[in-house]
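Please look over the sequence and the 3D structure shown here before reading on. The briefing after it is meant for someone who has not seen this structure before.

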Amino acid sequence: MKRLKLAVFSLTSCDGCQVVLLQAFKQLLQLERYIEISHFPLLKDKNKRGPFDISIVEGSVVNKRDIKKIKQIRKKSKILIALGTCATHGGVQAVKNFMPQDKVVHAVYPPGFIKDATEVSGIGRHVKVDYEIWGCPPVAEDIVKLLKKLMVGQKPKNINEEPVCVECRALGHECLLEKGILCLGPITHKGCNAICISAGRGCYGCRGFLNEGNVKQLLKKLTEMGYSIGQIEDILSVYMSNSKKVKRVIEYGENY
Amino acid sequence: MNPYVPKAVEIIERHRETDDTVSYKIKWNPKHKPGQILEASYPLIGEAPFGFASFSEDYVELLIRSVGNVTNTLASLKKGDKIWVRGPYGNGFPMKEMEGNDVCLIAGGTGIVPVKAALEYIIKNRNRYGNVKVFFGFRSPKQLIFKRYFKNWEKDVELYVSVDRGDKTWKGHVGVVTTMLDNISFEPKSFAIICGPPVMIKFAAEKMLNKGLNESRIFVSLERLMHCGIGKCGHCMVRNVFICKDGPVFPYSIAKDLED
Amino acid sequence: MPYLLRDLKAFLKTLIKEHIVIAPVKEKNHYDYKVLESEDEFHLDYVNTLYPPKKFLLPYEENLLLFSKRDGEFSAKPLLNKTKRVLFGVRPCDVHGIAVMDRVFLSGNYVDSFYESRRKNTIIIAIECEKAGENCYCESFGTYKVESGYDLLLTPVDDGFIVRVGSDEGKKLINELFEETDRDEHKYPKSKTFKKEKLAKMEKYFHDELWKTEAEKCLSCAACTIACPTCTCFTIEDEVQDPETGYRKRRWASCQLKDFTEVAGGMTFRKETYKKLRHFAYHKLYWSIKQYGLRMCIGCGRCIDTCPVNINIFDIVNRLGEE
């Protein structure tokens, strides 16, 4: 069996996903015979330039440099994996898409410092992505599972394309919505073992919007529970502002 | 006997049929009926349901179309490799009931699989059946499946083949498979077997009804997502039937009401 | 002959000594089946658990086969769980729920060996209810009452519990704590009920507009099927350990989720939310009679308790044909 050449790249992010990757790679150590880490600047000094069998990209696209970089990565990668909510959906920073570009830039940087800022997005807007691993941060287990599947030649579907509720209930938790707590579980990808809910905190949707999610009805439920549109929008915009369905809710509020 | 434990059998022949389909002849001879199904798998990759594409006491033929994770790998196996199988499952066509009558077989695309098994059964027992007409429809001349058998079949049955879109090399009928039925009449007591995409099944069945066939004598083979093959996993359930266990063959009198 | 058990705690103590005992334990606001460490964790003040005991017979995820390669060839080894366990404090409706699971997995031409193995090694000690919960519908199907399917059945009475033995396994548990009695008391609390005439005519209401209007609320979160004691659908897939070892495993699936009916090539048969909701309701209440000779719904009301948007199948059925 040929060793798979693996690369890790980072765009604009907090680099937290790379820490999770280190955990994942620890679990993959005994599979060194099958997989080789060719490029991972956080881990090693000598990095190869490619081409790679599998490239894992974390971080979102925020400027023209990122766009150029992700296109180059795509070209030299057989399989491209978007890791973490920044790479899959744009991440927390995508919230700035709702404000005029220059206003956002000037709020942080001196005039003229940032020239090539673009709309914030996941990498999927610019290149074809083969697999998405959701989460902020993602779960090491998901990375390990996917890489092992790819190792034997599987071309799996994205795992966890189901709502958080499935795992949450299977684990025996009480529904927070029933208790009056704002929770985005029904419209968020599962795979986190309902970690927030198990601690009594509602889901913030860090694993990204589930395409089948019924935002409209969840919104109705939340307003019935007494949350204001503003409060709901605030939570939705943390991780889901780049999803079309959610965007419409944020833009049109009560009139959606 | 644990029904989920598959058996490894050898691939003794491999044929590329079209761009995205291959067929295997495998060394396996379970007692089975045309129209029944099996689960084929490969370790660490996964399992998927298939129809028996042949009727023989010596081997089983399988047609695999690469459309997903499991089928991509299954279709890439070579002669001599092992493939893992379990079955047969489901009811199969009522071949005995059809004896003494004319039979019309209609298939579209990969729907040829169970129909080929029924056809081979009929040819093996040719004197037990009356006039047998076979209609196969494919998208294009390049999409013909099991073409190498056509000549032989023509010795025993009337075979009609059409393509939706022809090309320079194609001299046969052009049009969807049901258009070939237009000018042909059938004995009202005839039986029909139909397999193909849901829309094609509906059209073909309605056409045969119009030609005077009884809806309980038109048998269709249905496709659904299946994981277990033995009526436990629930994926293939429509109303009160499990396609894997109670089907996949249904008389049109029942199939027409299987609304989700 | 029934027995009288005066000291439930003492009995539990002897059980825990010899068995893994799983019983309803109080969480913050609800009860859930947990392995008992001590008899003091058990308090008989629950109506029922938020989720059913099905996960002990059909776990959320379960390894079925172990594949391993030796000399270049894979072999497949079935992994049967043979742990002896006691499910304690099971309510009568849930005993019926387990009977439905038995019907699904153990009847027909094929016995599900993995379920069978767990089931054979599970002792069921049921306790009748003293009161019904807000969403209990056991009255509809008489599932407040059990005549079989348990190893021991306990009826709470003033001076302890009347105990009935349902199997040889149950008989073995009878010890010096039990005294023979001829008392024949039962506890059958009153609960809500379906309109019988609506249940009988479900076929007629298949196209009722109510399915569509009610489904508008549905979040398709699958909570109802996860909480249902008789929802046992599953998906099988292979997981890789390393390129030479892996598992074929199964995981709960739900008819409410998108890819449940998606076939190779991407076509989905049951896409619309109302069709999915209707499928759930009809399977539980109507089609299962034709399939297994019983109603899958045991009237426990968990699907109502657990639904975040308060969809109530029972209420929908009662209102069918009224618009």
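This is a predicted model: local features need pLDDT of at least 70, side-chain atom pairs count only at pLDDT 80 or more; totals for chains, interfaces and linings use all residues.

Residues are numbered from 1 along each chain as its sequence is written, chains are lettered from A and ligands numbered from 1 in the order in which they are written, and side-chain values use heavy atoms, with hydrogens and water left out.

**Chain B against chain C**

- In this interface 37 residues of chain B are in contact with 53 residues of chain C, where contact means heavy atoms within 4.5 Å.
- The two chains bury about 3,700 Å² between them, 60% of it on carbon and sulfur atoms; buried area is the accessible area (1.4 Å probe) that two parts lose on being put together, summed over both.
- On the chain B side, the residues that lose the most area to chain C are Leu44(B), Lys232(B) and Asp260(B), which together make up 21% of what that side buries.
- Between chain B and chain C there are four salt bridges, a salt bridge being a side-chain nitrogen of Lys or Arg within 4 Å of a carboxyl oxygen of Asp or Glu.
- Glu47(B) and Arg248(C) form a salt bridge, with their closest N and O atoms 3.5 Å apart.
- There are also 20 residue pairs in polar contact between chain B and chain C, both residues being at pLDDT 80 or more; a polar contact is a pair of N or O atoms within 3.5 Å, and within protein one must be able to donate a hydrogen and the other to accept it, while residues adjacent in sequence count only if both atoms are side-chain atoms.
- Two or more residues on the side of chain B that touches chain C come from each of β3 (37–42), β4 (46–51), β6 (82–89) and β14 (241–242) of chain B, and β6(B) gives the largest share, four residues. Helices (H or I, at least four residues) and strands (E, at least two) are DSSP runs, numbered from the N terminus.
- Sorted by class, that side of chain B has 21 nonpolar, eight polar and eight charged residues, with Ala, Val, Leu, Ile, Met, Phe, Trp, Tyr, Cys and Pro counted as nonpolar, Asp, Glu, Lys and Arg as charged, and the others, Gly among them, as polar.

**Chain B against chain A**

- Chain B and chain A bury about 420 Å² between them, 46% of it on carbon and sulfur atoms.
- Leu44(B), Ile45(B) and Asn69(B) supply 79% of the area that chain B buries against chain A, more than any other three residues.
- The count of salt bridges between chain B and chain A is zero, whereas three residue pairs are in polar contact across this interface, both residues at pLDDT 80 or more.
- The side of chain B that touches chain A has two nonpolar, three polar and no charged residues.

**Chain C as a whole**

- Chain C contains eleven helices and twelve strands.
- Its C-alpha trace spans about 70 × 65 × 40 Å along the principal axes.
- Of the 323 residues of chain C, 60% count as buried, and buried means under 20% relative accessible area, exposed over 50%, and partly exposed in between (1.4 Å probe, protein chains only).

**Thr71(B) and its surroundings**

- Thr71(B) is part of helix α1 (residues 69–74) of chain B, and at 9% relative accessibility Thr71(B) counts as buried.
- Leaving aside residues up to four places away in sequence, Thr71(B) touches Phe50(B), Ile64(B), Arg65(B) and Ser66(B).
- A polar atom of the Thr71(B) side chain lies 3.4 Å from the backbone oxygen of Arg65(B).

**Salt bridges within the chains**

- Over all chains, a search of the whole structure finds 57 salt bridges.
- Asp116(A) and Arg65(A) meet in a salt bridge (3.7 Å, N to O); Asp116(A) is buried at 19%, while Arg65(A) is exposed at 59% relative accessibility.
- Glu322(C) forms a salt bridge with Lys195(C), the closest N and O atoms being 3.4 Å apart, and this pair links distant parts of the chain, 127 residues apart.
- In chain B, a network of salt bridges links Glu17(B), Glu61(B), Lys116(B), Glu120(B) and Arg148(B).
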